[in-house]
Structure formats: structure tokens, C-alpha cells
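Here is a short note to read beside the structure. It takes a few helices in turn.

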Amino acid sequence: ETLASTQDTTHQAISDGLNRPLVIIAQHQTGGRGRRGRRWIHTPGGLAFTIAIQLPLDAVAAWPTIAASTATVLATEAHTGVALGIKWPNDLVHGTRKVGGVLTESKGAWRLVGVGLNTDTAPGTADGTPTVAIAELARKPIDHTRFMIHILHTITRALLAKPAERCEFHQIWVDSSVVLGQRVVINGPDGHLYG
């Protein structure tokens, strides 16, 4: 029901000798996190889960993030009718408002794929970015169990995809991008890079 972090709980399961794929789901996270140690604000009525899985050996390092974000976009539209975009590298958005995010990490042979979604409620703003809930966009309540099953099935299929199918998922990822063709700034250790 309540965990500090699905990602941290999954790390611990691997440290304890995990020997098969695993999904950790929390109805509420008290210490959810995103990239670069940012805090993930998990409001009641959101979805938070982490998948621990071993990927095909030929999958590139970026594949878990591409697969999970693309699969979540596909499952969300199929299940709720809401079309999301992907703000590189790991934000799920609707217009300029954040709906969710993906956090992927490695631990030995395991890939940890965490997803947080504002399904029924949203925190208002997160790191200065406005947020929105999927239920608000869909104008209907979300059946969390059915939605979760749909997302998990789609993400697992994407993560374990063979090379030809990976190309299809990659193209959807490109088509879902909200930054391609836009002017962007990268904040790095040496300053800002514009392009």
C-alpha cells in the first residue's frame, strides 16, 4: 500500500537475491524519485511501479527508457483515449503539462524500469512544471487495475522486443517527441548548449 520508493524496494529485492522478473507497485510513495535525485511527488490516486527485468543482450543502454516511455504512451491512449507526448529523455506530457515520468537504472544484469503517472490527481506543479491527471484529460475515472495490467503488458512486450519490433517502437518514440524540431537548451557542467 505505501512504500518509500518502488525503485529502492526493487534495488533491495535484487540485493536479496532476486532470481526472476518482478514488479513492485505502490498505491502511495513517500520518497519517490526521478532523474538526478529529483523528488517525484506521488499524490493519492497516482500509479507508481518498478519492473525488474533482464533484457536481450543486444538491447542498447537507452532501450529501457525508450521502451517504457513509448509503451506507456501507447497503453494510455489505447486504455483512456488520451494522447501523450514524450519530452526527452523521460517525461510524459500533455501539451506543456507533465503527466508522468520514467526512471531507468541498472543493477548488475537487471534493468529497473520505474514509471510514475498522475492518473486521478496531479500535484499542481513539479519542479516548476505544471501537471495534469489523465482522468482530467479523459474526463472519466480510471480503473487502476485494468490500466496497470495494460501498461505492464505493453511495457514488457516493448522491453523484450526483437530488433525488428524495436524499430517500430523507436519510430513511435520519435513520432511522440515534443522536442524534435524545437529550439532547446541543454544545461551541462560547462554551461548551456543551444540547438
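This is a predicted model: local features need pLDDT of at least 70, side-chain atom pairs count only at pLDDT 80 or more; totals for chains, interfaces and linings use all residues.

1. Next, its length. From first C-alpha to last, α2 reaches 25 Å. At 1.5 Å a residue, 26 Å is expected, and the two values are close. After α2 comes G81, with a positive phi near 85 degrees.

2. How do α2 and α5 pack? Helix α2 covers residues 63–80 and helix α5 covers residues 163–175. Their axes lie 9 Å apart, at an angle of about 70 degrees. That angle makes α2 roughly perpendicular to α5, because 65 to 115 degrees counts as roughly perpendicular. The crossing of the two helices is left-handed.

3. Which residues make this contact? From α2 come W63, I66, S69, T70 and L74. From α5 come R166, F169, H170, I172 and W173. Sorted by class, the contact of α2 with α5 has 6 nonpolar residues, 3 polar and 1 charged.

4. Now turn to α4, residues 144–159. Its 16 residues should span 22 Å at 1.5 Å a residue.

5. Which residues of α4 are buried? They are F147, M148, I151, L152, T154, I155, A158 and L159. What do these buried residues pack against? Among the helices, their partners are α2, α3 (134–138) and α5. The strands they pack against are β2 (22–26), β4 (47–53) and β8 (110–117).

Methods
Residues are numbered from 1 along each chain as its sequence is written. Side-chain values use heavy atoms; hydrogens and water are left out. Axes are lines fitted to C-alpha atoms, for helices over the stretch in contact, and angles run from 0 to 180 degrees between N-to-C directions. Helices (H or I, at least four residues) and strands (E, at least two) are DSSP runs, numbered from the N terminus. Angles under 35 degrees count as roughly parallel, over 145 as roughly antiparallel, 65 to 115 as roughly perpendicular and the rest as oblique. A crossing is left-handed if the near helix is turned anticlockwise from the far one by less than a right angle, and right-handed if clockwise. Contact means heavy atoms within 4.5 Å. Ala, Val, Leu, Ile, Met, Phe, Trp, Tyr, Cys and Pro count as nonpolar, Asp, Glu, Lys and Arg as charged, and the others, Gly among them, as polar. The expected span of a helix is 1.5 Å times one less than its number of residues. Buried means under 20% relative accessible area, exposed over 50%, partly exposed in between (1.4 Å probe, protein chains only).
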